[in-house]
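Student: Could we work through this pair of chains together, going from the build of each one to the way they pack?

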Amino acid sequence: MAHEHKLAIFQGLVKFKSNTQKIWGVLIFLTIITAIEVVLGIYKPESLMTKVIGMKLLNWIFIILTIVKAYYITWDFMHMRDETKALRRMVVWTAVFLICYLVFILLQEGGYVEGVWETGYTKKDF
Amino acid sequence: MDTTVGNTGTEGKTWGGGNKPLKASYGKMMMWFFIVSDALTFSGFLAAYGFSRFKFIGSWPIADEVFTHVPFFHGNYPMIYVAFMTFILIMSSVTMVLAVDAGHHMNKAKVTLYMFLTIIGGLIFVGSQAWEWGTFIKGDYGAVQTKGGNILQFGEYVTVEGEQKFKRVALGDFAVAEEKYRSEHNRKNGLWFVQEGTLPTFTVGEIYKGLESHPNVLVRTQTINEEGEKTVLSREESLMQIKNNGKLVVEGANLHVNEYGTSLFADFFFFITGFHGFHVFSGVVINIIIFFNVILGTYERRGSYEMVEKVGLYWHFVDLVWVFVFTFFYLV
């Protein structure tokens with residue numbers, strides 16, 4: 001079964017000799033990402049406060065780094081990289097699609113309710 | 001008479017049965033499907049948090065000002081401790097995956113060691129979370145809740161390295177204590193089944209007196225201004241707000257009141273980190289069961305350490321969820 005591991009990460013840019021080595025390599029990578037997040041979170045550089053698509057650039061960076069972390073945890077710690085394509089898609093596509101859908105709807109609605117309250121209970125559709 | 005069909009004529013064909021197109025065992029696949037459904041539960045919670053936050057985007061508490069404590073150290077260290085907790089959990093994920101790897105090599109001694117380290121990591125994390133809850137419930141500075149349920153906090157402007165900064169002031173540092181007319185109502189006096197919670201240290205009247213006698217103390221509201229900071233009221237407005245609208249002195253946070261801002265924030269904090277903490281706790285319990293099975297040689301006899309792999313999946317999932325909780329509760 002999943003006894004043979006794919007030992008390359010970053011699209012084959014970094015190759016490891018053994019599975020154990022790969023685990024430590026991924027740990028270092030995840031630690032660096034967490035450190036970047038914490039440093040950005042403490043100092044909050046002024047240049048990253050500009051708004052991009054309705055949200056601060058800093059928050060976009062946090063979310064993207066989180067997804068990168070989630071990818072490596074799933075792919076290398078949970079061995080998704082070694083599973084068959086069908087199993088991988090069954091799990092990942094289902095979850096990603098449903099979560100995106102839910103998040104979009106709830107955030108959209110939350111923003112709308114806020115708008116109604118801010119503008120003195122004036123609704124935008126008639 | 002032979003009633004069972006022993007021969008279907010499809011042996012050796014694709015549809016003849018016995019195929020494993022996903023090349024995964026039943027148990028592992030079911031663990032994956034459980035994880036998907038649990039991920040949806042957690043994303044439901046986090047999306048609900050996002051909904052409430054978007055709804056109150058102009059007055060939501062700033063996480064950096066809420067989680068500033070590190071055990072055994074005094075001072076203001078935003079996020080340091082949560083980052084440490086994140087690292088502990090990632091580290092225990094690493095020892096877990098090392099245990100799985102050792103299991104593939106049928107190395108019992110190594111599996112035992114790594115499972116043990118994983119359990120220790122999990123316990124440190126749960127302990128840290130309990131401490132974090134304790135600090136959050138106990139509170140920092142205290143605040144006054146208005147009639148409308150908004151939170152008014154106190155502070156003063158101080159000059160740090162030539163820069164004017166708003167520094168929070170604790171209630172006890174300026175409130176003028178008076179004789180108390182009100183004592184906590186217990187079941188033993190008066191009505192049997194009626195009792196109330198602990199009374200706050202100060203009354204709103206005492207806070208107002210203290211505010212009057214300390215000309216440098218100002219009130220800070222929940223409203224976030226254009227610079228992304230909470231709005232600080234002028235001296236006159238501060239006095240007026242406390243006098244006219246102050247209703248309840250709040251110290252710390254629980255499911256009813258929250259000195260850091262809107263009580264929804266505390267509700268979500270308890271609910272989401274609590275649900276995650278419950279997952280970590282159950283993960284630790286399952287890990288302990290598997291740990292003893294490893295020691296007893298169950299998997300050695302079974303010839304496969306796949307059970308370690310399955311609980312490993314669950315354990316990594318707990319880590320995965322924390323990565324998101326960390327981002328959406330503490331960073332964004």
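The questions and answers below treat the chains one by one and then their contact.

Tutor: Before we start, note that this is a predicted model, in which local features need pLDDT of at least 70, side-chain atom pairs count only at pLDDT 80 or more, and totals for chains, interfaces and linings use all residues. Residues are numbered from 1 along each chain as its sequence is written, while chains are lettered from A and ligands numbered from 1 in the order in which they are written.

Student: What pattern does chain A follow along the sequence?

Tutor: Helices (H or I, at least four residues) and strands (E, at least two) are DSSP runs, numbered from the N terminus. By that rule there are three helices and four strands in chain A. Read along the sequence, they give the pattern β-β-α-β-β-α-α.

Student: Why is chain A more spread out than a compact globule, and what is its radius of gyration?

Tutor: The radius of gyration is taken over C-alpha atoms, and the globule rule is 2.2 Å times the number of residues to the power 0.38. For the 126 residues of chain A that rule gives 14 Å, and the chain is more spread out than a compact globule because its own value is well over this. Along the principal axes, its C-alpha atoms fill a box of roughly 65 × 40 × 15 Å. The radius of gyration of chain A is 20 Å.

Student: How many Å separate the centres of domain 1 and domain 2 of chain B?

Tutor: Domain bounds come from an automatic or database domain assignment, which divides chain B into domain 1 (26-139 + 264-331) and domain 2 (143-179 + 195-251). Taken over C-alpha atoms, the centres of these two domains of chain B are separated by 37 Å.

Student: Are H3(B) and H9(B) roughly parallel or roughly antiparallel to each other?

Tutor: Axes are lines fitted to C-alpha atoms, for helices over the stretch in contact, and angles run from 0 to 180 degrees between N-to-C directions; the axes of H3(B) and H9(B) come within 9 Å and cross at roughly 160°. Angles under 35 degrees count as roughly parallel, over 145 as roughly antiparallel, 65 to 115 as roughly perpendicular and the rest as oblique. H3(B) and H9(B) are therefore roughly antiparallel.

Student: Is the crossing of H3(B) and H9(B) left-handed or right-handed?

Tutor: A crossing is left-handed if the near helix is turned anticlockwise from the far one by less than a right angle, and right-handed if clockwise. Among the residues that meet here are B:Leu89 and B:Met96 in H3(B) and B:Trp315 and B:Phe326 in H9(B). The crossing of H3(B) and H9(B) is left-handed.

Student: Which helix gives the largest share of the side of chain B that touches chain A?

Tutor: Two residues are in contact if their C-beta atoms, placed from the backbone, lie within 7 Å, and in this sense 39 residues of chain B are in contact with 41 residues of chain A. The elements of chain B that give two or more residues to this side are helix H1 (26-55), helix H3 (80-104) and helix H9 (306-331). The largest share, 13 residues, comes from H1(B).

Student: How is H3(A) oriented to H1(B), roughly parallel or roughly antiparallel?

Tutor: The axes of helix H3 (residues 85-118) of chain A and H1(B) come within 8 Å and cross at roughly 15°. H3(A) passes H1(B) in a right-handed crossing. The angle of roughly 15° therefore makes H3(A) and H1(B) roughly parallel.
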